[in-house]
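Here is a short briefing to read with the structure open in your viewer.

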Amino acid sequence: MGSLFGLLNGLVCLLLMITTPCAAQQGTAADPEPDPVLTGSGGGLADPAAADTVRTNLWLVEALMGEIAAEGAWSLPEPPGTVRLEALSDADANTLFRVVAANVLAEKGYDVVLPRTDPEEALPVADSVFRYDVVSIDLVYPEVGRTLGLWKRWVARSVEVTCTVEVVDDASGQVLMTDRLTRGFHDRLDKDYFDDVNSDVYDFTSAETSESGWKRRTEELVVLGTLVGLIAVYFANTGQ
C-alpha cells in the first residue's frame with residue numbers, strides 16, 4: 001500500500017509540474033510597450049489606458065489611427081481654423097479613421113467639416129483640407145508561449161496601421177504635407193484575455209493565431225491521457 005501511495009503521489013506531482021508553469025514561466029502578460037515606430041506629439045498608448053486594462057484590438061486600431069491623425073495635424077496652421085476631411089478612397093477602414101481624425105482635430109481646437117453627400121454640391125468652405133486613406137491594417141499573433149511546448153500561457157500580438165495623409169491649403173492648393181505613415185504596437189497577452197481582445201465589428205479587428213489546431217488537440221489528449229493513466233494505475237494496484 002505504501003508503494004501505491006508513493007506511486008500516486010509521484011504521478012500527481014508530475015502532473016502538477018506539467019500543468020503549472022514555474023515562477024519564471026508564469027502566464028501573466030508583461031505590460032505592453034509601444035513599438036519603437038510609435039512616435040508623435042502624445043505620450044503614446046501607455047497614457048490613455050491603465051496598466052491593468054485589457055487593450056482590445058479595436059481600441060488599439062483607433063489609438064494608432066489617432067497617432068497618425070495627430071502627426072498630420074502638426075502640418076496644419078495654428079488653430080482656430082476650419083479643416084475639411086476628405087477620404088482618398090472607399091476603403092472600409094476610412095470610415096473609422098474619419099471619426100478618429102475628427103475627434104483628434106476637434107480636441108486641438110479646429111472646426112471639422114465633411115464633404116457633401118451629393119457630389120454635385122459645392123464643398124464646404126475650409127481653411128485646410130485633410131485627406132486620408134487607410135492603406136492597411138495588419139493584426140497578427142506571431143507567437144504563442146507554451147509550457148513544455150503544449151500548454152498555452154501567452155499570445156504575442158502585433159498591430160500595425162498604415163495611412164496616406166495629405167494636408168493642403170484650401171485657398172491656394174499648396175501642399176503642406178503628403179506622406180505615408182505607419183504606427184505599430186506589440187504586446188503579449190495572457191491566454192485568459194485572448195478571447196476578450198478580438199472584436200467582430202470589423203474584419204481587421206480579429207485574427208487567428210499562427211499555429212495550427214494540432215497543438216490544442218495534443219494539449220487536451222496529454223491531460224486526458226495523464227488522468228486516465230493515474231486511474232488505471234490506481235485500480236491495477238488496488239486489484240492486487
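Predicted model: local features only at pLDDT ≥ 70, side-chain atom pairs only at ≥ 80, totals over all residues.

**Overall layout**

- The protein chain has 5 helices and 6 strands, and along the sequence they follow the pattern α-β-α-β-α-β-β-β-β-α-α.
- Of the 240 residues in the protein chain, 38% are buried.
- Among contacts in the protein chain with a separation of 6 or more, 74% are between residues 24 or more positions apart.
- The protein chain exposes about 13500 Å², and 54% of that comes from carbon and sulfur atoms.

**The nonpolar core**

- Which residues touch the most other members of the largest nonpolar core? They are Met 65, Phe 97 and Phe 130, in a core of 40 residues.
- At least two residues of this core come from each of helix H2 (57–73), strand S2 (82–87), helix H3 (93–107), S4, S5, strand S6 (175–190) and H4.
- H2 gives the most to this core, namely 9 residues.
- As general background, nonpolar side chains tend to be buried together in soluble globular proteins.

**Salt bridges**

- A search of the whole structure turns up 8 salt bridges.
- Glu 86 meets Arg 84 in one of them, at 2.7 Å from N to O, and both of these residues are buried.
- Glu 86 also meets Arg 131 in a salt bridge, at 3.0 Å from N to O; this pair links distant parts of the chain, with Arg 131 in strand S4 and Glu 86 in strand S2, 45 residues apart.
- Is Glu 86 buried or exposed? Its relative accessible area is 13%, so Glu 86 is buried, whereas Arg 131, with 23%, is partly exposed.
- Lys 191 and Asp 192 form another salt bridge, again given from N to O, at 3.0 Å. Lys 191 is partly exposed because its relative accessibility is 40%, while Asp 192 is exposed, with a relative accessible area of 52%.
- Salt bridges that share partners join Arg 84, Glu 86, Arg 131, Glu 166 and Asp 170 into one network.

**Aromatic rings and charges**

- The count comes to 3 aromatic pairs.
- Why is the pair of Tyr 141 and Phe 194 edge-to-face? The ring centres are 4.9 Å apart and the planes stand at 65°, so the pair falls in that class, for which the angle has to be over 60 degrees.
- Tyr 141 in strand S4 (residues 128–147) and Phe 194 in helix H4 (residues 194–197) are 53 residues apart, so this pair links distant parts of the chain.
- Tyr 141 and Phe 194 are both buried.
- The charged end of Lys 108 sits over the ring of Trp 74, 5.9 Å from the ring centre.
- The charged end of Arg 188 sits over the ring of Trp 154, 3.7 Å from the ring centre.

**A closer look at Thr 164**

- Thr 164 lies in strand S5 (residues 151–169) and counts as buried, because its relative accessibility is 17%, with the limit being under 20%.
- Not counting residues up to four places away in sequence, Thr 164 touches Leu 88, Arg 131, Tyr 132, Asp 133, Val 135, Asp 179 and Arg 180.

Methods
Residues numbered from 1 in each chain as written. Heavy atoms only, no water. Phe/Tyr/Trp six-rings, centres within 6.5 Å; stacked < 30°, edge-to-face > 60°. Helix = DSSP H or I, 4+ residues; strand = E, 2+ residues; numbered from the N terminus. Buried < 20%, exposed > 50% of the residue type's maximum accessible area, 1.4 Å probe, protein only. Lys NZ or Arg CZ within 6 Å of the ring centre and 35° of its normal. Contact = heavy atoms within 4.5 Å. Areas by Shrake-Rupley, 256 points an atom, 1.4 Å probe, with all protein chains shown as cover. Core = buried A, V, L, I, M, F, W, Y, C linked by side-chain atoms within 4.5 Å. Salt bridge = Lys/Arg side-chain N within 4 Å of Asp/Glu carboxyl O.
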